[in-house]
Amino acid sequence: MCTMMLKESVSYYVNSSSSVVCIFLDVLKAFDSVAYCQLFCLLIKRGIPAVIMRFLCNMYVDQRTTLVWNGVYSAMLSVSNGVNHGGIANLIIFSLYIDELLLKLADSGVGCCFAKFYVDTLAYADDIVLLTPSASCMRTMLSYCEYFA
């Protein structure tokens with residue numbers, strides 16, 4: 001769906017002889033850098049029930065791991081931020097986390113608009129595409145991304 005929306009949006013601007021600026025962001029190590037305090041505040045703001053919040057807090061705050069190097073295991077280490085890549089719910093939780101940025105970008109009003117549709121940001125997991133009609137608008141969107149990061 002994201003690819004189709006991107007192609008149609010760019011096609012609309014190109015066929016209208018208008019410029020369109022497109023930047024692809026790969027939020028490198030995004031799952032590893034989720035700050036728990038911010039995550040929990042966003043989830044509370046979204047109205048997640050208290051019982052689920054307690055479960056998530058326990059699941060993430062008590063997260064531990066070991067490192068293996070040349071077959072030698074380290075002692076147990078506490079994990080202080082990030083969501084694990086293999087967890088089923090973690091993509092949803094990360095999506096809720098990154099949604100705050102996507103909402104701020106949409107509210108900026110500097111993205112592309114065509115046929116009553118506003119298309120400024122397309123996102124899937126940690127891949128984000130920003131679309132604007134000019135370089136100055138793109139600088140504005142990138143400043144929102146920088147502030148969020």
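Which strands are included in what covers the buried residues of H1? Strands E1 (21-26), E6 (112-114), E7 (117-119), E8 (121-124) and E9 (127-132) are among them, with contact meaning heavy atoms within 4.5 Å. Helices (H or I, at least four residues) and strands (E, at least two) are DSSP runs, numbered from the N terminus.

This is a predicted model, in which local features need pLDDT of at least 70 and side-chain atom pairs count only at pLDDT 80 or more, while totals for chains, interfaces and linings use all residues. Residues are numbered from 1 along each chain as its sequence is written, and side-chain values use heavy atoms, with hydrogens and water left out.

Select helix H1, residues 2-15. Buried here (under 20% relative accessible area; exposed is over 50%, partly exposed in between; 1.4 Å probe, protein chains only) are Leu6, Ser9 and Tyr13. Viewed down the axis of H1, the buried residues fall within an arc of 70°, taken from the directions from the helix axis to the C-beta atoms, so they line one face. On the face turned away, pick the exposed Thr3, Lys7, Val14 and Asn15. Just after H1, Ser17 has a positive phi of about 55°.

Next, go to the salt bridges (a side-chain nitrogen of Lys or Arg within 4 Å of a carboxyl oxygen of Asp or Glu); the count is two. Select Glu100 and Lys45, with N to O at 3.0 Å. Glu100 lies in helix H4 (residues 90-108) and Lys45 in helix H2 (residues 36-45), so the pair ties together parts 55 residues apart in sequence. Glu100 is buried at 16% relative accessibility, whereas Lys45 is exposed at 60%.

Finally, select Arg46 and Asp99, whose closest N and O atoms are 2.1 Å apart. Arg46 is in the loop between H2 and helix H3 (50-61), and is partly exposed at 40%.

Key. Expected span 1.5 Å × (residues − 1).
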